[in-house]
Amino acid sequence: MRRTTALALAAAALVAFGCSAGSTDETSSSGGGDGAAKGEEKAAKTAKIGQPARDGKFEFTVKSSKCGVAKVGDSVLGEKAQGQFCLVTINVKNIGKEAQMFDGSSQKAYAADGTEYSSDTGAAIYANKNAETFLNDINPGNQVTGVVVFDIPKNVKLAKLELHDSPFSGGVTVALS
């Protein structure tokens with residue numbers, strides 16, 4: 001009985017942590033609280049390559065996307081793709097007032113048919129010289145540029161990314177085509 005109670009308390013704590021970690025500092029630029037302002041804010045959540053997009057405490061700018069890569073790393077250490085690697089170079093800037101951890105594993109990619117792909121953090125270690133996308137604390141005002149890696153089937157083309165400042169945030173969409 002004690003074990004069940006302890007597990008229930010631990011689960012409740014995780015849920016509470018998840019709810020508080022998903023809060024964001026976003027504010028609407030229109031300043032109004034009506035339905036039109038919410039619609040404008042939602043429309044502002046889609047960006048293209050080269051355009052900044054904000055989610056919570058991070059401003060993301062996708063610099064490039066390169067698919068069809070068979071291997072990352074060097075001749076000694078590396079990883080082969082199951083299908084093909086898509087290497088997405090992203091600049092991440094902390095626009096908040098405290099340090100925020102960037103985690104490449106919180107990022108998602110989507111094909112045109114809506115199929116969701118998670119990032120390959122193992123391959124990202126070989127694609128980044130300084131582990132920029134692996135649990136990297138970024139202080140306010142600072143920014144890093146790194147590569148998020150997705151291992152997708154050879155016949156698939158990515159249509160968009162969903163970038164998150166934490167695993168619990170709403171995310172922002174960046175179109176890749």
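Guide: Start with exposure, scored here as relative accessible area (1.4 Å probe, protein chains only): under 20% is buried, over 50% is exposed, and partly exposed lies in between. Take Tyr126 as a case: its relative accessibility is 34%, so Tyr126 counts as partly exposed.

Visitor: What kind of model is this, and how are residues numbered?

Guide: This is a predicted model: local features need pLDDT of at least 70, side-chain atom pairs count only at pLDDT 80 or more, and totals for chains, interfaces and linings use all residues. Residues are numbered from 1 along each chain as its sequence is written, and side-chain values use heavy atoms, with hydrogens and water left out.

Visitor: How many helices and strands are in the chain?

Guide: Both are DSSP runs, numbered from the N terminus: helices (H or I) need at least four residues, strands (E) at least two. The chain has 3 helices and 11 strands. In sequence order the pattern is α-α-β-β-β-β-β-β-β-α-β-β-β-β.

Visitor: How much of the chain is buried, and what share of its contacts joins residues 24 or more positions apart?

Guide: Of 177 residues, 37% count as buried. A contact means heavy atoms within 4.5 Å. Among contacts with a separation of 6 or more, 68% come from residues 24 or more positions apart.

Visitor: Which residues make the nonpolar surface patch?

Guide: Patches take residues with over 30% relative accessible area and no salt bridge; nonpolar side chains (Val, Leu, Ile, Met, Phe, Trp, Tyr) are joined within 5 Å, like charges within 9 Å. Areas come from the Shrake-Rupley method with a 1.4 Å probe; for residues, only the protein chains shown count as cover. Here Val76, Leu77, Met101, Ile125, Tyr126, Phe134 and Leu135 form a patch of about 680 Å². Tyr126 sits in helix H3, residues 121-127.

Visitor: Which residues does the disulfide join?

Guide: A disulfide is a pair of cysteine sulfur atoms within 2.5 Å. The structure holds 1. Cys67 is joined to Cys86, S to S 2.0 Å. The link is right-handed, with 115° about the S-S bond. It connects distant parts of the chain, 19 residues apart: Cys67 in strand S3 (residues 58-73) and Cys86 in strand S4. Cys67 is partly exposed at 35%, whereas Cys86 is buried at 0%.

Visitor: How many salt bridges are there?

Guide: The rule is a side-chain nitrogen of Lys or Arg within 4 Å of a carboxyl oxygen of Asp or Glu. That gives 3. One pairs Arg54 with Glu59 at 3.0 Å. Lys108 and Glu116 form another, at 4.0 Å. Glu98 meets Lys57 at 3.5 Å, N to O. Glu98 is in the loop between S4 and strand S5 (100-102) and Lys57 in the loop between strand S2 (52-55) and S3, so this pair ties together parts 41 residues apart in sequence. Lys57 is buried at 15%; Glu98 is partly exposed at 47%.

Visitor: Is Asn94 buried or exposed, and what does its side chain reach?

Guide: Asn94 is buried, at 1% relative accessible area. It lies in strand S4, residues 78-94. A polar contact is a pair of N or O atoms within 3.5 Å; within protein, one must be able to donate a hydrogen and the other to accept it, and residues adjacent in sequence count only if both atoms are side-chain atoms. The Asn94 side chain reaches the backbone nitrogen of Gly96 at 2.7 Å. A polar atom of that side chain also lies 2.9 Å from the backbone oxygen of Glu98. Beyond neighbours within four places in sequence, Asn94 contacts residues including Lys57, Phe58, Ile138 and Pro140.
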